[in-house]
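Please look through the sequence and the model below before reading on.

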Amino acid sequence: MKSFGILGIGTYVPEKIMTNFDLEKIVDTSDAWIQKMTGIKERRIAAENEATSDLAYNAAVKALESSNTKAEDLDLIVVATMTPDYFTPSVSAILQKRLGAHHAAAFDLGAACSGFVYGLEAGGNFIATGMYKKVLVIGAEVFSRILDWEDRNTCVLFGDGAAAAVLGEVEEDYGIIGSHLGADGDLDDVLVIPAGGSRTPSTHETVDNRSHYLKMKGPEVFKFAVKAMPGAVEKVLANTGINIDELELIVPHQANMRIINSAAKRLGFPAEKFVINLDKYGNTSAASVGLALGEAVEKGMIKKGDNIALVGFGAGLTYASCVMKWAY
């Protein structure tokens, strides 16, 4: 099996900023409450003419430049998203055309907020087996299109963004050392968009009932997350034989500061070594972990040889973690 890892990374967020004070004018909430309960101060909102593939494209171009990779050299494009432009074609197929990656296979992946880590493992294993040489993995969301802006329990939490990574073969003992992917389908009803699929097709009634927007049972998600996030880190460390003291950073899903602080406490890992950009972007779902990782790279927080862990959780409910030794 070949060693594989990230060769380059790119991120993109829309220009429009929506602050907590802006939300105060829309729903019954306050900046103080949102910051206290979540840690979020603002989030990005896609322009009317921006879809998920547009955000993904901008992040992908940066990742290709960062890795000195040409689009025509890509063998596979994997896009993790729960807000695709269409049911079909896939976002990955749209990107194949737009990037000019005409030799690449393409598929989308649905693991919600765990999607970027799922994508790294799914795409990377094509490299590990020798089937492919270069794989583009993207997490991208325009979550603002599936939010009920009358529901203060959900609309304050999410934002739009994208992150992309080019994967390829790296020197032995570098790159992604191990991963742990999981799901708990018994909790499939705590984060759901009730209508629009084959179970409940779109009708005037489903639109009138606002059934095409995300519905969330917040307490149940929180209860799951405070166990799943540290548990996934512990599991991947046990699988790889790496001690938590050997980690330089943990890059968590950016959902809620209370969840992150709880994970830090359970793991006995310094809170200041968790990469945080939740305050600026909110929860960007499948883009979240990649967006935080990309910012950490851009700020020079990661150097070659550093051990870092990525961890996410999301609708499904899913969870995922990986440990990597940074390869560049």
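Arg210 is partly exposed, with a relative accessible area of 26%, where buried means under 20% relative accessible area, exposed over 50% and partly exposed in between, with a 1.4 Å probe and protein chains only. This is a predicted model, in which local features need pLDDT of at least 70 and side-chain atom pairs count only at pLDDT 80 or more, while totals for chains, interfaces and linings use all residues. Residues are numbered from 1 along each chain as its sequence is written, and side-chain values use heavy atoms, with hydrogens and water left out.

The place of Arg210 is the loop between α6 and β10; helices (H or I, at least four residues) and strands (E, at least two) are DSSP runs, numbered from the N terminus. Phi of Arg210 is near 60°, a positive value in a residue other than glycine. Arg210 also forms a salt bridge with Asp148, in which the closest N and O atoms are 2.9 Å apart, a salt bridge being a side-chain nitrogen of Lys or Arg within 4 Å of a carboxyl oxygen of Asp or Glu. This pair links distant parts of the chain, since Asp148 belongs to the loop between β6 and β7 and Arg210 to the loop between α6 (204–208) and β10 (215–216), 62 residues apart. Asp148 counts as buried, at 7% relative accessibility, and a network of salt bridges links Asp148, Glu150 and Arg210.

## Other salt bridges

Side chains of opposite charge can pair when their charged atoms come close. The structure holds 9 salt bridges, and one of them joins the side chains of Arg152 and Asp28 at 3.5 Å, N to O. Arg152 is in the loop between β6 (135–141) and β7 (161–169) and Asp28 in the loop between α1 (20–24) and α2, so that the pair links distant parts of the chain, 124 residues apart. Arg152 is partly exposed, with a relative accessible area of 42%, whereas Asp28 is exposed, at 60%.

A salt bridge also joins Arg98 and Asp54, whose closest N and O atoms are 2.7 Å apart. Arg98 lies in helix α4 (residues 91–99) and Asp54 in helix α3 (residues 52–66), so the pair ties together parts that are 44 residues apart in sequence. Arg98 is partly exposed, with a relative accessible area of 41%, while Asp54 is buried, with a relative accessible area of 19%.

## Rings

A search of the whole structure finds 5 aromatic pairs; rings of Phe, Tyr and Trp (its six-membered ring) pair if their centres lie within 6.5 Å, and planes under 30 degrees apart count as stacked, over 60 as edge-to-face and the rest as tilted. The rings of Phe269 and Phe274 have centres 5.8 Å apart and planes at 75°, so this pair is edge-to-face. Both Phe269 and Phe274 are buried.

Tyr174 has Lys304 over its face, at 5.5 Å from the ring centre, and Lys325 also lies over the face of Tyr174, at 5.7 Å from the ring centre. A charge sits over a ring if NZ of Lys or CZ of Arg is within 6 Å of the ring centre and within 35 degrees of the ring normal.

## Backbone features

The peptide bond from Thr88 to Pro89 is cis, with omega near 10°, and Pro89 is in the loop between β4 (76–80) and α4. Another cis peptide bond runs from Gly316 to Leu317, with omega near -10°, and Leu317 is found in the loop between β12 and β13 (318–325).

Ser285 has phi near 55°, a positive value in a residue other than glycine. The loop between α9 (278–281) and α10 (288–298) holds Ser285, which is buried, with a relative accessible area of 0%.

## The largest pocket

About 830 Å³ of space lies in the largest pocket. Of the 29 residues that line the largest pocket, the closest to its centre are Met82, Pro84, Phe87, Ile146 and Ile193. On a 1 Å grid over the protein atoms alone, a pocket is an open set of points where a 1.4 Å probe fits, with protein on both sides within 12 Å along at least five of seven lines, and lining residues have an atom within 4 Å of a point. Grid points are joined across faces, edges and corners, and a volume is the space filled by probe spheres set on the points.
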